[in-house]
Amino acid sequence: MSAVADVRRNRTAGDIGFATVNSNDDTDAEIVAAVTGRKIRVLAMHLSAASAVDVVFEDAAGGADLTGTLNLTATDLNMTFPYNPFGWFETTAGNALSRDLSGAVAVTTFLVYVKI
């Protein structure tokens, strides 16, 4: 069995989610609500900013850094993480997925995630 088939084997339609967030708030913003006993694993993502800003995804608001600082610069205001069946990053079981911005810049975030 391929690795991709193994990852998909035990998933149901209810496990897969899509999230879109448009905000310009530089405080921690919850992107996906916590699910008791389950992790939130991001499979694909796109970020688009109105101007230069740093973005960090966190394990719950103010929690551990999951991604390191993602720099959206004046010359590159978009960032795409294509579909990865193994995921790009994930929360700890029972924690929400949050996003923190370095400043009050309009940022749109599109996510495809799975609850595991």
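Where pLDDT is low, the predicted coordinates should not be read in detail.

This is a predicted model, in which local features need pLDDT of at least 70 and side-chain atom pairs count only at pLDDT 80 or more, while totals for chains, interfaces and linings use all residues. Residues are numbered from 1 along each chain as its sequence is written, and side-chain values use heavy atoms, with hydrogens and water left out.

Next, colour the protein by pLDDT. The average is 87, and 87% of the residues score at least 70. Helices (H or I, at least four residues) and strands (E, at least two) are DSSP runs, numbered from the N terminus.

**The core**

Now select Met45 and Leu97. These residues have the most contacts inside the largest nonpolar core, which has 23 residues. Strand 3 (40-49) is among the strands that each supply at least two residues of this core, and the largest share, five residues, comes from strand 3. A nonpolar core is a set of buried Ala, Val, Leu, Ile, Met, Phe, Trp, Tyr and Cys residues joined through side-chain atoms within 4.5 Å. Buried means under 20% relative accessible area, exposed over 50%, and partly exposed in between (1.4 Å probe, protein chains only).

Leaving aside neighbours within four places in sequence, display the contacts of methionine 45; they include Phe57, Phe81 and Phe89.

**The aromatic pairs**

Rings of Phe, Tyr and Trp (its six-membered ring) pair if their centres lie within 6.5 Å; planes under 30 degrees apart count as stacked, over 60 as edge-to-face and the rest as tilted. The count by this rule is two aromatic pairs. Select phenylalanine 57 and phenylalanine 89, a tilted pair with 5.4 Å centre to centre and 35 degrees between the planes. Phenylalanine 57 lies in strand 4 and phenylalanine 89 in strand 8, so this pair ties together parts 32 residues apart in sequence. Phenylalanine 57 is buried at 0% relative accessibility, and phenylalanine 89 is buried at 8%.

Then move to phenylalanine 81 and tryptophan 88, whose ring centres are 5.1 Å apart with planes at 80 degrees, so the pair is edge-to-face. Phenylalanine 81 is buried at 16%, whereas tryptophan 88 is partly exposed at 38%.

Methods. Contact = heavy atoms within 4.5 Å. pLDDT = per-residue confidence, 0-100.
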